[in-house]
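My entries follow the order in which I looked things up.

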Amino acid sequence: MQSGLDTSARYRTIDATRVIATAELLEARIADRFPESGLRKVAVELISLGRDIAREARHLEAPIRWLRVMTVATILVGILIIGFVMTILSFDRIDTGAFDFVQGIEATLNTILLVGLGMITLTQMEIRVKRRRVFAGLHSLRSMIHVIDMHQLTKDPAALSQDFTPSVHSPKRNLSSADLSRYLDYCSEMLSITGKVAALYAQSVDDDVVVRAVNDVENLGTTLSRKIWQKIIMIAEQSGSPRRPG
C-alpha cells in the first residue's frame, strides 16, 4: 500500500533529475545525427541551464532565514514599543488626564500601524527576493527558447520541392526530407523541455506572480513548437511518408 502511495506522489511532482536526464538523452540523439551542428551546442547549453535552474529551484523551496529572523525581531520590538507607549497613559492630573489619554491613544495607533507595515514589508520581501531569482532564471530560459527558434527558422520545407529555386542569399540547405524532419522534431522536443524546466520554479515557489511568469514561458515555447510541427507536417505531405521516430 505504501509503495502505491509513493508511486502516486512521484507522478504528481516534477522530478528535476528526470527532466535533466531527458535533456541529456536528447543531446545524445542530436549528436548521433548532427554531431557538428549548432543545435547540438544549444542542447548542451540547455542541459547546463536546466541543472542551474533545478539547483536554484531546490534552494528556493527553503525559507530565507535571515528575513524570517528580521520579521520576528520586528514583531518583538513592536510589542515592546506598544507596551511602553501604553505605560505613558496618565490620569494623575484631572485637568490634563483626558489630553494625555488622547495623545497616548494616537501614539499607540501610530506605533501599531508602523509595526504592522514593517511586518507586511518584511513578509513580502521574502517572496520578492524569490521572485527576482525566478525572473532571472526565466529570462535565461526565454532567451534559450528564442535561440532554439532561430536554429529552425531557415529550415524551410519548401526548399525540398523540385520547383524551388534558391536566391543568391538563400541559406545552404543540404538536409534530406528525413533529416530535416528529424532536425525540426529535435527543436520541438527542446522547446518542450524548456517548459518542464520552467515549471520547476512554479513547483518550488507558491506564488501567483511566479506561476503566471512560468505559464508565459511555457506558452511561448508551445506556440513556437506548433509552428515547427506545421513544417514537419508539410514535409510529411511532400514526401508522402509518415513521420518516423528516432
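**Notebook: helix packing and core**

I note that the model is a predicted one.

Entry 1, overall make-up. I looked up the secondary structure and found 7 helices and 0 strands. Read from the N terminus, the order of elements is α-α-α-α-α-α-α. I then checked burial and found that 32% of the 246 residues count as buried.

I took up helix H2 (residues 16–33) and helix H3 (residues 38–60), whose axes come within 9 Å and cross at roughly 170°. Angles over 145 degrees count as roughly antiparallel, and H2 and H3 are therefore roughly antiparallel to each other. On the H2 side I listed Ala16, Ile20, Ala23, Glu24, Glu27, Ile30 and Ala31; they meet Leu39, Arg40, Ala43, Val44, Ile47, Gly50, Arg51 and Ala54 in H3. By class, the residues of this contact of H2 with H3 are 10 nonpolar, 1 polar and 4 charged.

I next asked at what angle H3 and H6 pack. The angle is about 10°, and the axes of H3 and H6 are 9 Å apart. Angles under 35 degrees count as roughly parallel, so I recorded H3 and H6 as roughly parallel to each other. The residues of H3 that meet H6 include Leu39, Ala43, Gly50 and Ala54, and those of H6 that meet H3 include Tyr183, Met190, Val197 and Tyr201. I classed the residues of the contact of H3 with H6 as 16 nonpolar, 3 polar and 2 charged.

Which residues touch the most other members of the largest nonpolar core? I found Leu138, Met190 and Tyr201, in a core of 44 residues. Two or more residues of this core come from each of H2, H3, helix H5 (94–153), helix H6 (177–204) and helix H7 (208–239). H6 gives the most to this core, with 12 residues.

Definitions and conventions. Residues numbered from 1 in each chain as written. Predicted model: local features only at pLDDT ≥ 70, side-chain atom pairs only at ≥ 80, totals over all residues. Heavy atoms only, no water. Axes fitted to C-alpha atoms, helices over the stretch in contact; angles between N-to-C directions. Helix = DSSP H or I, 4+ residues; strand = E, 2+ residues; numbered from the N terminus. Parallel < 35°, antiparallel > 145°, perpendicular 65-115°, else oblique. Contact = heavy atoms within 4.5 Å. Nonpolar A, V, L, I, M, F, W, Y, C, P; charged D, E, K, R; others polar. Core = buried A, V, L, I, M, F, W, Y, C linked by side-chain atoms within 4.5 Å. Buried < 20%, exposed > 50% of the residue type's maximum accessible area, 1.4 Å probe, protein only.
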